[in-house]
Amino acid sequence: MNSSFNKFLIFKKWIIIIMICIFSTNFFYIPSADALSDSKQFVLDAWTLVNEGYYDPERLDELQWKRIRQKTLQKQIETSEEAYSAIEDMLKPLEDPFTRILKPKDYELLKTSNFGSEINGVGLQLGEDEITKEINVISTLAGSPAEEAGIISGDQIVKVDGISCSELGLANTASKLRGESGTKVLVQIKSISDETKEIDLERRSVDLRPVRTKRLRDDSHTIGYLRITQFSESVPKKIEEALQELKDKEVEGVILDLRNNSGGLVSSGIAVADSFLSEKPIVETKDRNGIKDAIISQKNTSFEGPMVTLVNKGTASASEILAGSLQDNNRSTLMGEQTYGKGLIQSLKSLGEDSGIAITVASYLTPQGNNIQGKGITPDKILGLPEAREYGNSEDKWVKNAEIFLNALFDENDVEDKVNELENKDIEN
C-alpha cells in the first residue's frame, strides 16, 4: 500500500513539475528579437563609423555615445527619411558641422566636386560658425551665379526658399542650394554691414576649372600667375603641367593665388606642396589616438624660384595647409588677409542607398606647430585693397601688389649679382 501510494505521489509530483514547466514556459516566453530592420541597421552603421573614426574619442565618452545609440535605435525608424533624420539628431550633440550625413544627391555632388570638373548649383561654399551656428559664405566659385550676384566671403545665408538656415543646418542649406540647371532658388543674404537682401539665383552647371594659369610680362621681368580654385583629385597633375608650361616660358617667379579656395581633398593640397618644397615638413596631423604624423615633402621640386601666395578669408582647409607650409618654411611670402581657419580633416565614408557620411578624423598643425582651427593664418603682408571682381585680371590690385613685390626682389638680386660681378673682377685684377 505504502509502495503504491509513494509511486502515486512521485507520479503526481512529476505531473505538477511538467505542468509548471509548460505554463511557465508559455507565461515567460518572450519572442526573440528579430534582426534589425534595414533602416535601423543603416543608422547603426553610421554610428559605428563615427565611433571608430571620430578624432576626439573623449568627446564621444563625454556625450555617452553608446547611450545615444541606444536611444536612437529605440525610435521608430522604418523609412530612409526617418533614418536620415535619426542620424542627424544623433550627430547634433557632437556640435561638429563637418561630421554630417550626406543623402544620395549631396553625396554624389560632393564626389563630383572632388573628382569631376563641373557641378550644378549656385556656386556657394559654406561654413557654420561654431558659436552662433550661423551659415556663412566661405567663398564663391569663379564664374558662378553667386559670384555674378555679388555674394562675397563673410556674407551670412539667412534663408533658402523662405526656410530659416538655423532650422535647416549646414548640410540641408547646402543641399537646398544645389539642383538641376535652369531651376531657381531664393536666397536671403545678410552682409557684414548688416544689410539684408533677397537674391533670386538660377542654378546652372559651374565649370570648376581648378587650375588656371597665365604669364604676366612687363619691360623687365616675366612672372607666372597660377590660380587654384579648389583641391580636386586632378589638381596635382594639372599643377605639374602648369609649372612646366611656365618654366618653358622662362618665368622668373610665380604668384600662387589661393583666394576663395575653400579646400577639397587634403591629399591633393599636400601633393601640390610637394611641387614647391624639397624635403621640408608640409603638415603635422593628429589622430584620435593622439599620434602626431609629420608629412615631409619629397626631394625633387617642380619650381624653385621666388613666390608670392595670395590668401583671403575664403582660403580654407587644404589651401590653408598649403599656405601654412609655404609660409613656415620661408618658401613663399603670404599676402592678403587672415584666412578662414579650418584645421580639421574629414574622411568620406560610403553608406547604403548611395549615401555617405563625412567624419572629422584628425586635426592638423602647420610645420611650426600652429593650430589654425578657428584662427586662420596671418599673412606676412596685409592687403587692405578692395578685391577684383575677377581674380587675375588687369584690374586685380592684389596681383599687381604681388608683381611689384617680386619685381623688387628680382631687381635687388640683379644689383647683388652686379656687385658680386664687380668684386670678382677686382679680385682678378
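The model is predicted. Helices α4 and α5 pack at an angle of about 155°, whereas α9 and α10 pack at about 25°. The count of cavities of 30 Å³ or more comes to 1, and the second largest pocket holds about 500 Å³ of space.

**Helix pair α4 and α5**

- Helix α4 spans residues 65-73 and helix α5 spans residues 80-91, and their axes lie 10 Å apart.
- The angle of about 155° makes α4 roughly antiparallel to α5, because angles over 145 degrees are counted in that class.
- From α4, the residues W65, I68 and T72 take part in the contact, and α5 contributes A86, M90 and L91.
- The residues of this contact comprise 5 nonpolar and 1 polar, with no charged residues.
- The crossing of α4 and α5 is right-handed.

**Helix pair α9 and α10**

- Helix α9 covers residues 235-248 and helix α10 covers residues 266-274, with 8 Å between their axes.
- At about 25°, α9 and α10 are roughly parallel to each other, because angles under 35 degrees fall in that class.
- V235, P236 and I239 of α9 meet S268, A271 and V272 of α10 in the contact.
- The crossing of α9 and α10 is right-handed.

**Largest cavity**

- The volume of the largest cavity is about 40 Å³.
- Its lining consists of E88, I101, L102, K103, D106, A171 and N172.
- Two or more of the lining residues come from each of β1 (100-102) and α8 (165-177).
- By class, the lining of the largest cavity has 3 nonpolar, 1 polar and 3 charged residues.

**Second largest pocket**

- The second largest pocket, with a volume of about 500 Å³, is lined by 20 residues.
- Closest to the centre of the pocket are E88, K92, E128, G169 and L170; E88 also belongs to the lining of the largest cavity.
- The elements α5, β1 and α8 each provide at least two residues of the pocket lining.
- Helix α8 gives the most to this lining, with 8 residues.
- The lining of the second largest pocket divides into 7 nonpolar, 4 polar and 9 charged residues.

Methods. Residues are numbered from 1 along each chain as its sequence is written. This is a predicted model: local features need pLDDT of at least 70, side-chain atom pairs count only at pLDDT 80 or more; totals for chains, interfaces and linings use all residues. Side-chain values use heavy atoms; hydrogens and water are left out. Axes are lines fitted to C-alpha atoms, for helices over the stretch in contact, and angles run from 0 to 180 degrees between N-to-C directions. Helices (H or I, at least four residues) and strands (E, at least two) are DSSP runs, numbered from the N terminus. Angles under 35 degrees count as roughly parallel, over 145 as roughly antiparallel, 65 to 115 as roughly perpendicular and the rest as oblique. A crossing is left-handed if the near helix is turned anticlockwise from the far one by less than a right angle, and right-handed if clockwise. Contact means heavy atoms within 4.5 Å. On a 1 Å grid over the protein atoms alone, a cavity is a set of points where a 1.4 Å probe fits but cannot get out, and a pocket is an open set with protein on both sides within 12 Å along at least five of seven lines; lining residues have an atom within 4 Å of a point. Grid points are joined across faces, edges and corners, and a volume is the space filled by probe spheres set on the points. Ala, Val, Leu, Ile, Met, Phe, Trp, Tyr, Cys and Pro count as nonpolar, Asp, Glu, Lys and Arg as charged, and the others, Gly among them, as polar.
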